[in-house]
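The following paragraphs lead the reader through the packing of a protein model. Please keep the sequence and the structure in view while reading.

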Amino acid sequence: MEIGDLRGEDVIIRLCARETCGAGKQVNFYAKDPRNYYSFHYIMLGKGMLTVNGKEVPLKTGDLFLIPPMTDVSYLSTEPWEYYWVEVEGKLAPFLFQSLGFNNKTLRIGYKQDSRLAERFNDLITYYYNYGDVELRAKGTFYLMIGELNAVLTHASTGSEKRNIDFYVREAETFLKYNLYYTGVTLDSLAKSISVNKNYLCTIFRQQKGVSPMQYLIQLRMEAAAKRFRETDESISAVARYVGYKDPLHFSKAFRAYFGMSPTQYRDSHEKPAE
């Protein structure tokens, strides 16, 4: 069978590969390019940045991201990473990727490290490069891969909307936990980091956590500060800086509002008696 016999059909595998690269590798795609294929990526390890029409979207281990036709997109590895990619075209290609949750606004989906998905990519690469009837074998593997991803991502009992809500809240919570020590954390920076409208994020976060994202950040900071007071002899100013407050007075007011006592009173109440 000639590969050309299957051209114009439902799905066409153009290229596929597994790659490793160092930090600083950048790949650019332009809307003006005569390109009608989708480039689908799975990050096995590492971090990077996806830029879509000038908007930055962080990438990390386990993420899936898609480069559609007629779109200005680039991606950059901010640390060494390992990833799989496959270029696909054909009549069914856009619908298959839509089934996973990709659309014009969502080109990155948080997933996980998945050995089964890695196996599917390895099979796809093997069939594509080492067998005569590459299209049939590669296409079959690609369909299996998309079908298995669809089953995991949609999770029949939750539905796509619930999945998206859980994802955004989980991503917001992770961002806040890792950045509670930085003074520049704002609702805008949080929403931008996970590519979601800040008003929508506030609504769904409050629904699941009972507080707004910034109130949640205060809780994280106060608990971290309290632990610092219990375990160290650092000054109030030093602890304030440690949990992202430039102004010790502002920190002390927030601490009193949260614990009902000043930092000094808290430390005294948790001081171990002398033996």
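Contact here means heavy atoms within 4.5 Å. The model is predicted: local features need pLDDT of at least 70, side-chain atom pairs count only at pLDDT 80 or more, and totals for chains, interfaces and linings use all residues. Residues are numbered from 1 along each chain as its sequence is written, and side-chain values use heavy atoms, with hydrogens and water left out.

Phe229 lies in helix 7; helices are DSSP runs of H or I with at least four residues, numbered from the N terminus. With a relative accessible area of 3%, Phe229 is buried, a term that means under 20% relative accessible area (1.4 Å probe, protein chains only). Beyond its neighbours within four places in sequence, Phe229 is in contact with Ile236, Val239, Phe251, Phe255, Pro263, Tyr266 and Arg267.

Phe229 also belongs to the largest nonpolar core, which has 32 residues. Such a core is a set of buried Ala, Val, Leu, Ile, Met, Phe, Trp, Tyr and Cys residues joined through side-chain atoms within 4.5 Å. Leu176, Leu201, Ala225, Phe229, Tyr245, Phe251 and Phe255 touch the most other members. Helices 4 (159-179), 5 (187-193), 6 (198-209), 7 (213-231), 8 (236-242) and 9 (248-259) each supply at least two residues of this core, and helix 7 gives the largest share, eight residues. A second, separate core of 31 residues includes Leu64, Leu66, Val88 and Ile109.

Glu173 is placed in helix 4. This residue counts as buried because its relative accessibility is 15%. Leaving aside neighbours within four places in sequence, Glu173 is in contact with Phe205, Lys209 and Tyr216.

Conventions:
Buried < 20%, exposed > 50% of the residue type's maximum accessible area, 1.4 Å probe, protein only.
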